[in-house]
Amino acid sequence: MADPVTYQTAQSDIFVGGDVYTGPKFAIDAIAAGREGAESLHRFVQDGQSLTISRNLREFYELDKNNLRLDVDCFDRPARQEIVHDPAKARSFEHDRLTFTEEQVKTEASRCLGCGVSVVDQNKCIGCGLCTTKCMFDAIRLERDVPEASNMIRSEDKVGALLKNVGRKAVNIIRKG
């Protein structure tokens, strides 16, 4: 028995990983559990470090599509473009799918990014913010769950932070010729 995030047992200085925790499963699950256990062990040895801060909690939430106040079809407007196949190539080894027209490409590209209709792995977001600019309903916001675990600079404040480094690099380039 161990904590599912930190892999720490009831004895605070003993951690598990691999098949010891997961049991007989896929090798990749054992490798992942071993890696997480090693991360916790490293944090435990380094005094004062939290075992849980900025850890992947592996909690994924799926939108309950049957319990919505909105019509589910509103997420798929405009409708997906229909794929057309060339019947002359249907029984050959050639690719029989015809390409979209320019208008179909524009219509397909204007579709929603899927900001809640499907299961989204929140742990894979790189924080680029592109989704916030593309959502026409202004329904997506980026927030830090644990701000103290990051030294990231807001995009509005980056110019000042970058100027310091740009000046230093310019001096180094001039000095080295």
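Arg43 forms a salt bridge with Glu39, and the closest N and O atoms of the two are 2.9 Å apart. The model is a predicted one. Both Arg43 and Glu39 belong to helix H2, where four residues, about one turn of the helix, lie between their positions. Arg43 counts as buried because its relative accessible area is 11%, under the 20% limit for that class. Glu39 has 31% relative accessibility, so this residue counts as partly exposed.

## The network of Arg35, Glu36 and Arg55

Salt bridges with shared partners join Arg35, Glu36 and Arg55 into one network. In total, four salt bridges are counted.

Glu36 pairs with Arg55 in a salt bridge whose closest N and O atoms are 2.8 Å apart. This pair links distant parts of the chain, 19 residues apart: Glu36 is in helix H2, and Arg55 is in the loop between H2 and helix H3 (102–109). Glu36 is buried because its relative accessibility is 16%. Arg55 is buried as well, because its relative accessibility is 9%.

Glu36 also takes part in a salt bridge with Arg35, for which the closest N and O atoms are 3.9 Å apart. The salt-bridge criterion is a distance within 4 Å. Arg35 has 59% relative accessibility and therefore counts as exposed.

Thr6 itself is found in the segment before helix H1 (19–22). Its relative accessible area is 3%, so Thr6 counts as buried.

Tyr7 lies in the segment before H1 too. Tyr7 is buried because its relative accessibility is 7%.

## Positive phi angles

Tyr7 has a positive phi of about 60°, although this residue is not a glycine. Ser54, again a residue other than glycine, has a positive phi near 60°. Ser54 is placed in the loop between H2 and H3.

## Surface patches

Where on the surface does positive charge gather? A patch of positive charge is formed by Lys164, Arg168, Lys169, Arg175 and Lys176. One of these residues, Lys169, is found in helix H5, which spans residues 158–176. Lys169 counts as exposed because its relative accessibility is 57%, over the 50% limit.

Phe26, Ile28 and Ile31 make a nonpolar surface patch of about 380 Å². Ile31 lies in helix H2, which covers residues 27–45. With 56% relative accessibility, Ile31 counts as exposed. Helix H2 is thus the location both of Ile31 and of the Arg43 and Glu39 pair described above.

Leu142 is located in the loop between helix H4 (130–134) and H5. Is Leu142 buried, partly exposed or exposed? Leu142 counts as partly exposed because its relative accessibility is 44%. The C-alpha atom of Leu142 is separated by 9.3 Å from that of Cys128, and the two residues are 14 residues apart along the chain.

## The chain as a whole

The protein chain has five helices and zero strands. Read from the N terminus, its elements follow the order α-α-α-α-α. The chain holds 177 residues, of which 13% count as buried. Among the residues in that class are Thr6, Tyr7, Glu36, Arg43 and Arg55.

The protein chain exposes about 15000 Å², and carbon and sulfur atoms supply 55% of this area. Of the contacts in the chain with a separation of 6 or more, 40% are between residues 24 or more positions apart.

Note on methods: Residues are numbered from 1 along each chain as its sequence is written. This is a predicted model: local features need pLDDT of at least 70, side-chain atom pairs count only at pLDDT 80 or more; totals for chains, interfaces and linings use all residues. Side-chain values use heavy atoms; hydrogens and water are left out. Patches are made of residues with over 30% relative accessible area and no salt bridge: like charges are joined within 9 Å, nonpolar side chains (Val, Leu, Ile, Met, Phe, Trp, Tyr) within 5 Å. Accessible areas come from the Shrake-Rupley method with a 1.4 Å probe; for residues, only the protein chains shown count as cover. A salt bridge is a side-chain nitrogen of Lys or Arg within 4 Å of a carboxyl oxygen of Asp or Glu. Lys and Arg count as positive and Asp and Glu as negative; His and the chain ends are not counted. The place of a charge is taken as NZ of Lys, CZ of Arg, CG of Asp or CD of Glu. Helices (H or I, at least four residues) and strands (E, at least two) are DSSP runs, numbered from the N terminus. Buried means under 20% relative accessible area, exposed over 50%, partly exposed in between (1.4 Å probe, protein chains only). Contact means heavy atoms within 4.5 Å.
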